[in-house]
Amino acid sequence: MTGIAVDPASGDLFVARLARSATSSNNEPGIVRLSSSDGGRTSSSRVTILNMPGEWQGQSHQISNLEIVGGRLYAHMGDGFDSATAQNLSSFRGKILCLELSGAAAPTNPFYDIVNGITARDYVWCYGVRNPFGGALRAADGFRYVVENGPSIDRFARLVQGRNYLWNGSDQSMSNFALYTWNPASGPVNLAFVQPESFGGSGYPAAKQGHAYVTESGATYATGPQSIGKKITEWVLDANGNRVAGPIPFVEYVGAGQATAVGLAAGPDGLYFTELYRDAGGSGPTIAGARLLRVRFSSRDDCDGNGLHDACEIATGSQPDCNGNSFPDGCDLASGRSRDYDRNGRPDECEALSADRDEVSLAQGAQVRFSLHPDLANAGRPYFLIGSASGTQPGTVLDGLTLPLNLVGDEWFRQIVLTTNSGLFQSNFGNLDGAARASATLLVPPSSDPILAGITLHHAYVLFDPANFYAITFASNALPLRLTP
Ligand SMILES: [Ca+2]
Ligand SMILES: [Ca+2]
Ligand SMILES: [Ca+2]
Ligand SMILES: [Ca+2]
């Protein structure tokens with residue numbers, strides 16, 4: 001058995017298979033329909049809806065993919081190791097067939113002609129293919145796509161009714177009508193689309209919808225990671241089915257065994273794929289024990305919905321995580337988990353200075369709590385948290401460092417210096433603790449003068465080195481505090 005499809009209407013199962021011929025020692029391709037009257041636990045009938053006598057096929061290049069689209073069954077037929085069949089419209093081999101679920105040829109097929117009888121020709125939907133393992137409908141453009149294996153070149157193509165894909169036994173012919181060719185061959189064996197029409201998009205983010213995924217099996221029974229195959233690749237197609245990007249590595253084998261990726265299907269909660277070969281082999285390629293695996297996305301893994309796993313983004317440095325909480329910092333800010341009062345795109349807990357508010361009502365008053373957290377190397381250093389009502393640019397140069405506060409002639413700076421560590425500003429001058437931390441509180445009393453509304457104050461601090469004549473060794477970022485009525 002090489003292909004399977006479930007009829008969404010009846011629940012019946014359609015299976016592509018090879019069976020030993022009754023009249024010779026050859027294997028004959030066919031399609032079997034299985035029904036069940038007990039919800040799929042057992043089969044109540046088994047009917048061969050299409051037999052293709054004399055169209056001998058063997059261990060590869062045989063009948064493979066089945067898909068039901070619009071109530072009709074599409075069946076992929078390999079060329080049976082005889083490239084001449086692909087160009088012979090009287091053969092079932094080397095074709096994509098289309099049939100009714102009864103097994104009858106679809107009357108809309110391009111070479112359908114009931115007058116001269118029903119033969120292989122009437123079943124042909126398109127032709128000139130070699131070994132078209134993988135096929136799937138892309139709902140966004142209504143076309144089916146195929147991946148197929150060539151001698152040394154593999155092909156990814158969009159399927160068009162009546163088209164001859166021109167396989168003639170040469171590698172060169174595998175590049176006809178190709179969206180992409182693998183050269184050297186990578187063994188693309190299955191194809192699936194993540195799309196809203198298939199189980200609501202498999203739980204994948206919006207950025208992944210409409211993308212194709214291809215299992216690339218690679219070399220036969222290869223051990224360990226491989227440069228070719230043993231992976232699932234991702235492909236971006238545009239609205240018209242043109243390839244925009246791909247192959248993009250999606251799942252790659254990193255183990256020490258023999259398993260590779262083969263079967264592939266979009267499910268309600270992810271992409272499912274099967275292994276070819278038991279991974280811990282040792283007993284040869286035919287030993288039982290290959291597994292069914294699933295690739296899931298959850299919003300917890302992709303907080304920014306960009307289709308990339310956050311942990312990978314952080315690990316590769318493509319997204320910062322300055323606060324070390326395992327979420328990209330952009331998500332920390334977007335969710336409100338972190339503040340960015342100084343508007344530099346970075347969570348303020350990663351700055352040397354943060355605060356619990358950036359706005360205060362003069363009528364209501366409030367306490368503004370500042371947290372000082374420079375590098376640990378500054379533990380124990382004296383600090384001085386000051387402010388300005390005249391902005392941050394160009395700032396003030398102190399001992400060669402630029403503090404982002406305009407201090408010269410500034411009235412708020414003068415007030416703070418006069419009331420340091422008093423009722424207005426508590427602990428704005430002191431020593432950092434052993435963890436290089438300190439906090440300070442600015443008290444804005446209720447019923448403050450409403451004439452100040454509209455002013456934005458800024459606060460920042462400097463550190464001193466007591467061992468070097470109290471030279472200023474550090475100037476922090478500045479935080480705004482807007483005064484409102
Ligand atoms: Ca006919
Ligand atoms: Ca992400
Ligand atoms: Ca973070
Ligand atoms: Ca910030």
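Tutor: Let's begin with the big picture: the C-alpha centres of domain 1 and domain 2 lie 66 Å apart. Keep in mind that this is a predicted model. Domain 1 covers residues 3-312, and domain 2 covers 352-484. The C-alpha trace of the chain spans about 110 × 50 × 45 Å along its principal axes. The radius of gyration is 34 Å, while a compact globule of 485 residues would come out near 23 Å.

Now zoom in on Ile472, which sits in strand S30 (residues 471-475). Ile472 has 17 inside 10 Å, so it counts as partly exposed.

What is around it? Setting aside neighbours within four places in sequence, Ile472 is in contact with Leu398, Asp399, Leu401, Val462 and Phe464. Phe464 also stands opposite Ile472 in the strand pairing. The strands involved are S29 (residues 456-465) and S30, which run antiparallel and are joined by four bridges. As background, strands of a sheet pair through backbone hydrogen bonds, either parallel or antiparallel. Between S29 and S30 the hairpin has five residues, and Phe469 takes a positive phi near 55 degrees in this hairpin.

Ile472 and Asn131 are 341 residues apart in sequence and 74 Å apart in space, C-alpha to C-alpha.

Let's move on to the cores. The largest nonpolar core holds 56 residues, and Ala75 and Leu97 touch the most other members. Strand S13 (residues 188-194) supplies the largest share of this core, with five residues. Another core lies apart from it, with 29 residues, and Val462, one of the contacts of Ile472, is among them. Ala440, Ala460 and Ala478 also belong to that core of 29 residues. Over the whole chain of 485 residues, 36% count as buried.

One has four strands in the order S9-S10-S11-S12, with antiparallel pairing. Strand S9 (134-138) and strand S12 (178-182) are at its edges, each with a single partner strand, so one side of each is left without a neighbour in the sheet. The twist in this sheet averages 15 degrees from one strand to the next. Strand S11 (residues 154-158) and S12 are joined by four bridges, and Arg155 has Thr181 in S12 as its bridge partner.

The other open sheet has three strands in the order S17-S18-S19, again with antiparallel pairing. Its edge strands are S17 (260-267) and S19 (292-295), each pairing on one side only. Here, neighbouring strands are turned by 30 degrees against each other on average, direction ignored. S17 is joined to S18 (residues 270-276) by six bridges, and Ala266 stands opposite Leu271 in S18.

Technical notes:
Residues numbered from 1 in each chain as written. Chains lettered and ligands numbered in written order. Predicted model: local features only at pLDDT ≥ 70, side-chain atom pairs only at ≥ 80, totals over all residues. Rg over C-alpha atoms; globule rule 2.2 N^0.38 Å. Buried ≥ 20, exposed ≤ 12 C-beta atoms within 10 Å, placed from the backbone. Core = buried A, V, L, I, M, F, W, Y, C linked by C-beta atoms within 7 Å. Helix = DSSP H or I, 4+ residues; strand = E, 2+ residues; numbered from the N terminus. Pairing = 2+ DSSP bridges. Axes fitted to C-alpha atoms, helices over the stretch in contact; angles between N-to-C directions. Domains from an automatic or database assignment. Contact = placed C-beta atoms within 7 Å.
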